[in-house]
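Keep the sequence and the 3D view open while you read.

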Amino acid sequence: MSAADLMAVLIARHFRYDPDAPRDASNDHLVFSKGHASPLLYAMFKAMGFIDDEEFLTYRRLGSRLEGHPVPILPWVEVATGSLGQGLPIGVGMAIAGKHLDRLPYRVWVLCGDSEMAEGSMNEALEHAGHLGLGNLIAIVDVNRLGQTGETMHGWDLDAYRDRAEVFGWRTIEVDGHDPAAIDGAYAQAAAPDGRPTMIVARTIKGYGVGEVANKEGWHGKALAHPEQAIAELGGERHLLVPPLKPARLGDPHRFPAGRLELPRYPVGSEAATRQAYGDALAALGSARGEVVALDGEVSNSTFSEVFREAHPERYFEMYIAEQQMVAAAVGIQVRGWVPFASTFAAFLTRAYDFVRMAAISRADIRLSGSHAGVSIGEDGPSQMALEDLAMMRAVHGSTVLYPCDANQAAQLVALMADLTGISYIRTTRAKTPVIYGPDERFAVGGSKVLRSSGDDQAAVVTAGITVHEALKAADTLAKEGISVRVIDAYSVKPIDAATLRRAAAETGGRLITVEDHWPEGGLGAAVLDVFADEDLRPRVVNLAVRDMPGSGKPDELLAAAGIDAAHIADAARRLARAGPQIGSLERRT
Ligand SMILES: Cc1ncc(C[n+]2csc(CCOP(=O)(O)OP(=O)(O)O)c2C)c(N)n1
């Protein structure tokens, strides 16, 4: 109710939108950063004629499109909100798409709560929007003084919000959020671009218009005790229809040139880092497909997204050290059909995890690249080592998790990612690794490669990334001792190649070793165990993973210290070979 007047004036006089063509490039965009104000959003949909009373009253019921917080299963909702502090950063992404990619003057309106302005991500958004001069972005801050449990840090001190925005280069307009004429004037001013984003700082009253709750604490998210009285106070039952203003046709969105895909080719036997291959492949993909866009968190010379930046500077966005804003921008950009790849050290993606989680709820298609995986980065020490990223990314609904071991494989997987839906993640390695696959070798999401096998394998080593090379060394050593082991490169950690794992379990008498440069929780070993958890017959799985807190050291030293190098793999295989078959009854199934 605090923002109802703000939104009423918006839809009646300023918001340009064609509900019959919600993906039309000429439409304005509206994001409810305060997603919990969904009753207001759905009331707007009712007023604009998108939904009827009957549907409105299904609010929050099982199966209803009108969930407690907005989700894009509704055609007029573009991104999910409800985790506070996300709508404005995503709006920044949409505004980037408008200004730099589509190059169309549609506007992005974002309704923010005052309490959510305390989120660090809102400050990232303010700074980026100011820095980029996103004149197409209008934030409306509903300063109703109250949050969920009491007063916000700044109460009705509107200047606290205004000053902060102005420091970041925003134009600001303070307004009485219950004075329609003043609101109308503020929107008109905001819509006249001056190269700066605009913040409308509106003084409002929470629960406005209903005496029982107006400006009172303790009513956040609660149902009214006397709804009939409230309806009477608000002027009685009415059925206003306020169709949105049709947008003027803004023209065709800008398109970047496209050509043939020519992925980089690395000679077998040479050495190259998979992070280098990420950058090389992304640049090649950018030449082939004009819709590919790259973002990076100020480490492009480490992740190698700098190769893309040099090749396609107009489609590269430096997000500085603001990982939440980086992922949010990717989500906002993909709303308009662009294909974003965002990269940073894998360890620092943890910082943006809530944005990744929400991106899945947004049904967003984004691609993430995390470099510097695991202890193998060496001297920089554990603050830079990603040791939980596989677990984190596997846990995202509908995600794809890829972990290449060589440059040609990495390049092919990057190309595959462009056409994936949902959240896809590629984990890359700092060190150069031997190129073992030819440039024409093909890989598939859900696939794996069996690199060593015989009819007499006494164990199977399942691994991915840098430890594939350790496993190959171990297999060669063991072969000289007369012990053959199978080596499986499980580069698709999710979905994992369950059929190949089942076959390996059956053909090695149930003796599997998983090896990963990651904590034992939630990574590759866990993915392998998941395959067998509910099987009648389960193999024994030895999980070699990083178990103690690593320090600095040479990569080889750290792999050895963590127990995931060739020597440790060989030891584990010898033990299993000595132990004999672990599940003889597996034969029944094979
Ligand atoms: C990140 C996050 N933290 C906490 C919450 C729980 N929560 C929902 S609404 C709310 C208060 C929001 O206050 P404000 O942004 O001022 O909105 P308003 O008072 O207008 O409802 C809180 C803390 C949340 N949804 N997201």
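Patches are made of residues with over 30% relative accessible area and no salt bridge; like charges are joined within 9 Å, and nonpolar side chains (Val, Leu, Ile, Met, Phe, Trp, Tyr) within 5 Å. Accessible areas come from the Shrake-Rupley method with a 1.4 Å probe, and for residues only the protein chains shown count as cover. A salt bridge is a side-chain nitrogen of Lys or Arg within 4 Å of a carboxyl oxygen of Asp or Glu. Lys and Arg count as positive and Asp and Glu as negative, while His and the chain ends are not counted. The place of a charge is NZ of Lys, CZ of Arg, CG of Asp or CD of Glu.

This is a predicted model, in which local features need pLDDT of at least 70 and side-chain atom pairs count only at pLDDT 80 or more, while totals for chains, interfaces and linings use all residues. Residues are numbered from 1 along each chain as its sequence is written, and side-chain values use heavy atoms, leaving out hydrogens and water.

**Exercise 1. Surface patches**

Find the residues that gather in a patch of negative charge on the surface, then those that make a nonpolar one.

Step 1: The negative patch brings together E379, D380, D556 and E557.

Step 2: Locate E557, which sits in helix α20 (residues 555-561). Helices (H or I, at least four residues) and strands (E, at least two) are DSSP runs, numbered from the N terminus.

Step 3: E557 counts as partly exposed because its relative accessibility is 45%. Buried means under 20% relative accessible area, exposed over 50%, and partly exposed in between (1.4 Å probe, protein chains only).

Step 4: M1, Y208 and L234 make the nonpolar surface patch, of about 260 Å². Y208 belongs to the loop between β5 (198-203) and α8 (227-233), and with a relative accessible area of 34%, Y208 is partly exposed.

**Exercise 2. Salt bridges**

Step 1: R103 and E314 meet in one of 3.1 Å, N to O. R103 is partly exposed at 37% relative accessible area, and E314 is partly exposed at 48%.

Step 2: R394 pairs with D530, their closest N and O atoms being 2.7 Å apart. R394 counts as buried, at 17% relative accessibility.

**Exercise 3. A buried arginine**

What does the side chain of R315 reach?

Step 1: R315 is in the loop between α11 (306-311) and β8 (316-318).

Step 2: R315 is buried yet has no salt bridge, and the nearest side chain of opposite charge, E314, is 6.4 Å away.

Step 3: The side chain of R315 reaches the backbone oxygen of G286 at 3.1 Å. A polar contact is a pair of N or O atoms within 3.5 Å; within protein, one must be able to donate a hydrogen and the other to accept it, and residues adjacent in sequence count only if both atoms are side-chain atoms.

**Exercise 4. An enclosed helix**

Why is helix α16 largely enclosed by the rest of the structure?

Step 1: Helix α16 (residues 407-417) is largely enclosed because 10 of its 11 residues are buried.

Step 2: Among them are A407, N408 and M417.
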